[in-house]
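The tour goes from stop to stop, with something to select at each one.

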Amino acid sequence: MWVVCRTKVCDCLAAASVTLRRSLSLGATMAKSKFEYVRDFEADDTCLPHCWVVVRLDGRNFHRFAEKHNFAKPNDSRALHLMNKCAQTVMEELEDIVIAYGQSDEYSFVFRRKSNWFKRRASKFMTHVTSQFASSYVFYWREFFKDQPLLYPPGFDGRVVVYPSNQTLKDYLSWRQADCHINNLYNTVFWALVQQSGLTPVQAQERLQGTLAADKNEILFSEFNINYNNEPPIYRKGTVLIWQKVDEVTTKAVKLPAEMEGKKMTVARTRTKPVPSHCDIIGDAFWKDHLEILGEDS
């Protein structure tokens with residue numbers, strides 16, 4: 001009797017196994033179609049291995065956007081801090097980013113050399129960074145522009161560049177910080193001439209045509225008593241975001257006895273987060289202090 005029952009059970013299991021294999025085979029066949037050939041038209045955009053992948057995004061038509069939203073000239077601290085907040089959000093979502101640098105309406109994000117995020121596809125790097133940044137800009141707008149409504153959605157474009165060595169990456173970031181200094185010095189003098197001397201934008205542009213950095217500094221100091229070196233570092237040097245350990249103290253509600261109901265407990269913890277600084281990254285001092293950024297296992 002036992003042998004018969006056991007035989008029937010084995011037969012049932014065998015039949016079920018055959019049915020399952022047929023179903024899986026049918027499903028695999030049905031997953032394909034005659035239209036699948038269109039996948040062959042997708043371009044291979046895999047970034048070179050063992051290279052730094054940099055995603056740089058820029059605001060689209062941000063001169064117009066700044067005018068429509070009454071940005072202060074030559075710098076609006078609200079807009080800069082909003083940009084930094086968005087960049088921090090991107091880094092917290094995409095932890096393979098080891099450093100980011102931003103100024104004005106642009107931000108550069110550097111992915112670690114060994115990153116295999118989304119199989120190193122350039123389109124994935126670019127679209128994820130740009131979409132996360134743009135949505136964060138809208139999401140956090142009210143936090144920084146309390147009295148200025150967002151009139152229309154901002155736009156950002158992105159590009160991906162691959163740098164093969166530590167030196168070329170450092171040179172790229174140095175280039176962006178030098179660009180920040182050159183543009184901010186010009187804008188500081190330009191708007192001082194317009195706002196304080198009463199020149200028209202065209203007249204201010206003509207006044208500055210052909211001038212060197214020393215000439216612009218002299219105009220600021222002699223005519224407006226402004227020492228450019230005393231301007232806020234965030235304007236002159238931009239913002240660098242790097243991962244650092246930060247001690248945080250938070251309060252949260254916990255279940256307590258009835259006589260202590262409504263009380264909250266203070267919790268201290270240390271976590272790693274992207275922290276902004278406004279320092280020089282052109283010289284060697286920054287890189288010597290942060291060897292972990294360019295480290296092979298960063």
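Begin with Pro74, which sits in the loop between helix 2 (62–68) and helix 3. Helices here are DSSP runs of H or I with at least four residues, strands are runs of E with at least two, and both are numbered from the N terminus. Select Lys73 as well: a cis peptide bond joins Lys73 and Pro74, with omega at about 5°.

Before moving on, note that this is a predicted model, in which local features need pLDDT of at least 70 and side-chain atom pairs count only at pLDDT 80 or more, while totals for chains, interfaces and linings use all residues. Residues are numbered from 1 along each chain as its sequence is written, and side-chain values use heavy atoms, with hydrogens and water left out.

Stay in that loop and select Asn70, which also lies between helix 2 and helix 3. Asn70 is not a glycine, yet its phi is positive, about 55°. Is Asn70 buried or exposed? Its relative accessibility is 53%, so Asn70 counts as exposed (buried means under 20% relative accessible area, exposed over 50%, partly exposed in between, with a 1.4 Å probe and protein chains only).

Next, go to Asn61, in the loop between strand 1 (52–60) and helix 2. Asn61 has a positive phi of about 55° without being a glycine. With a relative accessible area of 51%, Asn61 is exposed.

Now select helix 3 (residues 77–93) and helix 4 (residues 122–139), whose axes come within 9 Å and cross at roughly 135°. The axes are lines fitted to C-alpha atoms, for helices over the stretch in contact, and angles run from 0 to 180 degrees between N-to-C directions. Helix 3 and helix 4 are therefore oblique to each other (under 35 degrees is roughly parallel, over 145 roughly antiparallel, 65 to 115 roughly perpendicular, and the rest oblique).

Which residues make the contact? Show Leu82, Met83, Cys86, Ala87, Thr89, Val90 and Glu93 on helix 3, then Val129, Gln132, Phe133, Ser136 and Tyr137 on helix 4. Contact means heavy atoms within 4.5 Å.

The last stop is Ser174, in helix 6 (residues 166–195). Ser174 counts as buried because its relative accessibility is 13%. Show Ile281 and Ile282 too: Ser174 is in contact with both, leaving aside its neighbours within four places in sequence.
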